[in-house]
Amino acid sequence: SVTTSEECTEAILSITEVTELAYQFIDKIDYLNYHFQTPEFKSEVEEMTSEEHLQRLLKTLSKTKKAMSDAGEIYTNLIDKCHKIATNCSKAEQFCRNKANTARRDSNVTRGVGGAASGTAIALGTAGAVGTVGV
């Protein structure tokens, strides 16, 4: 079976790839945003005399507008999910940190005075009752 660590590592690789694509996407958006406001674009349109060329440009602009709108919705959804995952990772991180501290105390006690071991067993039972964090 796949461990949580392996799943996280795979997710991190995927996130890294998507992030790189997002940076490229942002560069393209910045270029388009700039391009549509330039005098060159306006003069290019002014010089178009063929209705066919203008219709093609209108179709392209319409598709671009829809793609940007769709992308905006996807990225908004992605932002929400990323924040939720980051929050859940923080909770899981705290849970793991607590378990590591408990395990460290337990191993110190077993190497130390025998009388304290029963107290640690009770503490471990209580910590285990808290439950796991859903990630």
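These legends cover close-up views of aromatic pairs and salt bridges in a predicted model. Local features need pLDDT of at least 70, side-chain atom pairs count only at pLDDT 80 or more, and totals for chains, interfaces and linings use all residues. Residues are numbered from 1 along each chain as its sequence is written, and side-chain values use heavy atoms, with hydrogens and water left out.

**View A. Phe-25 and Tyr-75 form a stacked pair.** The model has 2 aromatic pairs (Phe, Tyr or Trp rings, the last by its six-membered ring, with centres within 6.5 Å; planes under 30 degrees apart are stacked, over 60 edge-to-face, the rest tilted). Here the centres lie 5.5 Å apart and the planes meet at 10°. Phe-25 sits in helix α1 (residues 4-35) and Tyr-75 in helix α3 (residues 51-111), 50 residues apart. Helices are DSSP runs of H or I, at least four residues, numbered from the N terminus. Phe-25 is partly exposed at 25% relative accessibility (buried is under 20%, exposed over 50%, partly exposed in between; 1.4 Å probe, protein chains only). Tyr-75 is partly exposed at 31%.

**View B. Phe-36 and Phe-41 pair edge-to-face.** Their centres are 5.3 Å apart, with planes at 65°. Phe-36 is partly exposed at 28%, whereas Phe-41 is buried at 12%.

**View C. Glu-52 and Arg-56 form a salt bridge.** The structure holds 3 salt bridges (a Lys or Arg side-chain nitrogen within 4 Å of an Asp or Glu carboxyl oxygen). In this one, the closest N and O atoms are 3.6 Å apart. Glu-52 is exposed at 56%; Arg-56 is partly exposed at 45%.

**View D. Lys-66 meets Asp-70 in a salt bridge.** The N to O distance is 2.9 Å. Both residues lie in helix α3, 4 residues apart, about one turn.

Methods. Helices (H or I, at least four residues) and strands (E, at least two) are DSSP runs, numbered from the N terminus.
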